[in-house]
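Take a first look at the model below. Then follow the text through it, one residue at a time.

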Amino acid sequence: MADSVMAAAGSISANPGPNAAQKTDDPGPEGGFEKMLNETAQNLKKADQAILEANTGGSTDLHDVMVAMEKADISLRLAVQVRNKAVDAYQEIMRMQV
C-alpha cells in the first residue's frame with residue numbers, strides 16, 4: 001500500500017506542469033497534494049516497521065504500534081477523501097454547459 005502511495009507522489013512530482021519554472025513560496029495545490037501523499041506514505045512505512053518490530057520481538061511498545069497504525073489509517077483516509085472531492089469537483093466541471 002505504501003508503495004502505491006509513493007508511486008502516486010512520484011508521478012505528481014515527475015509532471016511539473018507549465019508553471020514549473022516559476023517558483024514561489026506558496027506551493028499551490030500541487031505541492032500540497034504531493035506533501036500529503038509523501039506524509040501518508042511515511043506514516044504507512046512507519047506503521048509497517050512498528051508492526052514488523054513488534055512481531056519479531058523488538059523493543060517496540062504495543063502502544064507505539066497502535067499509535068503508528070492509527071496515524072497511518074487516518075492519513076490514508078484523509079488522502080482518499082481529498083481524492084474523492086477532487087474527482088467530484090472534476091465531474092461537476094465536466095457537467096457544466098458552456
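Start with Asn 43, which counts as buried because its relative accessibility is 12%. The cut-off for buried is under 20%. Keep in mind that this is a predicted model.

Where does Asn 43 lie? Its place is in helix H2, which covers residues 28-55. Now look at what surrounds it. Setting aside neighbours within four places in sequence, Asn 43 is in contact with Ala 68, Lys 71, Ala 72 and Ser 75.

Next, move to Glu 70. This residue lies in helix H3, residues 62-95. Is Glu 70 buried or partly exposed? Glu 70 counts as partly exposed, because its relative accessibility is 43%. That class runs between the 20% and 50% cut-offs.

Now step back to the whole chain. How many helices and strands does it have? The protein chain has three helices and zero strands. Read along the sequence, the pattern is α-α-α.

Consider the contacts across the chain. Take those between residues at least 6 apart in sequence: 68% of them join residues at least 24 apart.

Finish with the surface. The protein chain has 98 residues, and buried ones make up 16% of them. Asn 43 is one of the buried residues. The accessible surface of the chain comes to about 7700 Å². Carbon and sulfur atoms account for 57% of that surface.

Terms used:
Residues are numbered from 1 along each chain as its sequence is written. This is a predicted model: local features need pLDDT of at least 70, side-chain atom pairs count only at pLDDT 80 or more; totals for chains, interfaces and linings use all residues. Side-chain values use heavy atoms; hydrogens and water are left out. Helices (H or I, at least four residues) and strands (E, at least two) are DSSP runs, numbered from the N terminus. Buried means under 20% relative accessible area, exposed over 50%, partly exposed in between (1.4 Å probe, protein chains only). Contact means heavy atoms within 4.5 Å. Accessible areas come from the Shrake-Rupley method with a 1.4 Å probe; for residues, only the protein chains shown count as cover.
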